[in-house]
Amino acid sequence: MDKKNSYKEEILNHLAKNSFLNPDQSNFFHGRIYGKSHPPAPRVTWESSDAPRHDHGAPEWLTATEFTDAKDVFEDKVEWLMALLKISSKTVIYTGAGISTAAGVEQAARGGGGRQKKAACSTDAQPTVTHRAIAALRKAGLVHSWIQQNHDGLPQKAGYPQEDIVEIHGSWYDPSNPVVCYDGNLKHEHYQKMKEAADSADLVLVLGTSLSGLNSDRVAKDPAKRSLQGRSLGTVIINLQQTQQDGIASLRIFSQTDRVFSALLEKLGVPLSLSPKYPLEKKVLIPYDRNGKLSKTKQMFLDLSDNQKIRLNPDHNCQGSKQGAYMHIGAKQAIRYKDCVRQPGPGHGRVLNYSNSQCGWRLEVEGVTMLLGGWWLEAATRGVLESVPVINIEPQVVDVVH
């Protein structure tokens with residue numbers, strides 16, 4: 001057994017011997033990896049007696065109070081994080097709105113001062129250090145998948161590839177997968193990918209989410225459970241506030257994620273990724289059939305020039321999302337929304353233009369405006385997606401010549 005595998009075996013055995021922690025145990029603030037070592041508790045930087053979220057219940061001990069680790073403890077935890085990343089066979093990122101507040105995108109959770117001013121338009125927001133750092137870690141082979149609760153497209157704007165991100169609750173930048181309401185249904189293929197990530201992750205980094213009981217929280221919980229049998233490295237939680245799941249963490253860091261990832265990349269010697277420029281072209285030949293599905297026998301031209309007629313992929317989730325603005329798309333009868341009756345339609349429309357500020361194509365689909373991220377065309381060209389969100393109504397399809 002080489003040195004790396006021997007060290008990992010030691011960590012796995014250590015985690016298996018250290019069960020989940022209770023709030024009254026000192027290492028509840030630090031994680032199970034600390035074992036018999038007991039660093040000082042983080043200091044309170046903003047105090048609250050309210051629950052982290054107004055729309056979710058919480059145990060009595062859990063409030064929206066924010067904490068920050070002491071400098072020496074923070075440095076030690078970043079060293080631990082680096083060590084875990086280096087020995088992990090599959091690292092999954094699981095993120096909530098907390099990583100985007102620095103970009104001006106609002107979150108549902110309560111929080112302290114020092115928040116950035118809200119962007120004039122959330123789709124104008126630019127990626128944070130955290131988004132760019134995760135993109136850099138992916139390029140370095142240290143991150144393998146990203147389960148994203150957010151809808152903001154900031155990972156892709158930072159250069160994280162579309163094929164390795166699962167926008168489990170929908171996206172502002174995927175018209176075939178609108179933001180899913182609480183009473184809506186997740187897109188089936190995304191649910192399956194989320195489940196696969198939960199089942200196969202060796203290490204999960206939980207960033208900026210309150211872990212308040214969503215179905216997708218299994219991405220954080222399942223690997224932690226496997227760590228009790230020495231079968232995974234478990235879960236790292238990075239957040240200013242405590243969460244209901246802090247006791248399961250292998251490592252718990254109280255800090256802003258931008259600070260953590262800046263320090264991590266410096267220690268690793270990995271440069272911060274530069275945000276790519278989209279799009280390179282507006283009309284490309286892609287290995288997909290006329291219904292937008294990946295094909296080995298057909299290729300299709302996808303033209304997103306201004307005023308080109310397009311339609312949504314037939315497998316769109318407009319009905320499943322339960323978003324009132326889009327419920328007429330794919331409906332069987334007229335839908336009333338905000339005192340306006342909208343006639344049902346199959347999802348046909350046209351390209352309006354490309355918005356540089358929003359980093360996407362503005363579309364008009366069945367009378368409503370939607371966005372398609374600039375990165376989709378590049379990913380489709382590489383043939384790394386199972387399907388594409390939009391297709392031309394009269395696509396030019398050619399046979400693949402072998």
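Guide: What follows is a walk through some helices and a few loop residues.

Visitor: What am I looking at, and how are things numbered?
Guide: This is a predicted model, in which local features need pLDDT of at least 70 and side-chain atom pairs count only at pLDDT 80 or more, while totals for chains, interfaces and linings use all residues. Residues are numbered from 1 along each chain as its sequence is written, and side-chain values use heavy atoms, with hydrogens and water left out.

Visitor: Which residues of α1 are buried?
Guide: In α1, K8, I11, L12 and L15 are buried, where buried means under 20% relative accessible area, exposed means over 50%, and partly exposed lies in between (1.4 Å probe, protein chains only). Seen down the axis of α1, the buried residues fall within an arc of 100°, taken from the directions from the helix axis to the C-beta atoms, so they line one face of the helix. On the other side of α1, K3, E10 and K17 are exposed.

Visitor: And what do the buried ones pack against?
Guide: The buried residues of α1 pack against α2 (71-87) and α6 (218-227), with contact meaning heavy atoms within 4.5 Å.

Visitor: Where does α2 go from there, say relative to α7?
Guide: The axes of α2 and α7 come within 10 Å and cross at roughly 60°; axes are lines fitted to C-alpha atoms, for helices over the stretch in contact, and angles run from 0 to 180 degrees between N-to-C directions. The crossing is right-handed, a term used when the near helix is turned clockwise from the far one by less than a right angle, with anticlockwise giving left-handed. On the α2 side the contact includes F74, V78 and L81, and on the α7 side it includes R259, V260 and L264. By class, the contact has nine nonpolar, no polar and five charged residues.

Visitor: What about α3 and α7, left-handed or right-handed?
Guide: The crossing of α3 and α7 is left-handed, and the axes of α3 (residues 129-139) and α7 (residues 257-268) come within 8 Å and cross at roughly 35°. Among the residues that meet are A133 and L137 in α3, with F261 and L265 in α7.

Visitor: Switching topic, which residues does the cis peptide bond join?
Guide: The cis peptide bond joins Y278 and P279, with omega about -20°, and P279 is found in the loop between α7 and β9 (283-286). Most residues other than glycine have a negative phi, and most peptide bonds are trans.

Visitor: What is the phi of N307, then?
Guide: Phi of N307 is near 75°, a positive value in a residue other than glycine. N307 lies in the loop between β10 (298-303) and β11 (309-312), and at 51% relative accessibility N307 counts as exposed.

Visitor: Last one: is V388 buried or exposed?
Guide: V388 is buried, with a relative accessible area of 3%, and is found in the loop between α9 (375-382) and β17 (390-392). V388 and N313 are 75 residues apart in sequence and 6.8 Å apart in space, C-alpha to C-alpha.

Terms used: Helix = DSSP H or I, 4+ residues; strand = E, 2+ residues; numbered from the N terminus. Nonpolar A, V, L, I, M, F, W, Y, C, P; charged D, E, K, R; others polar.
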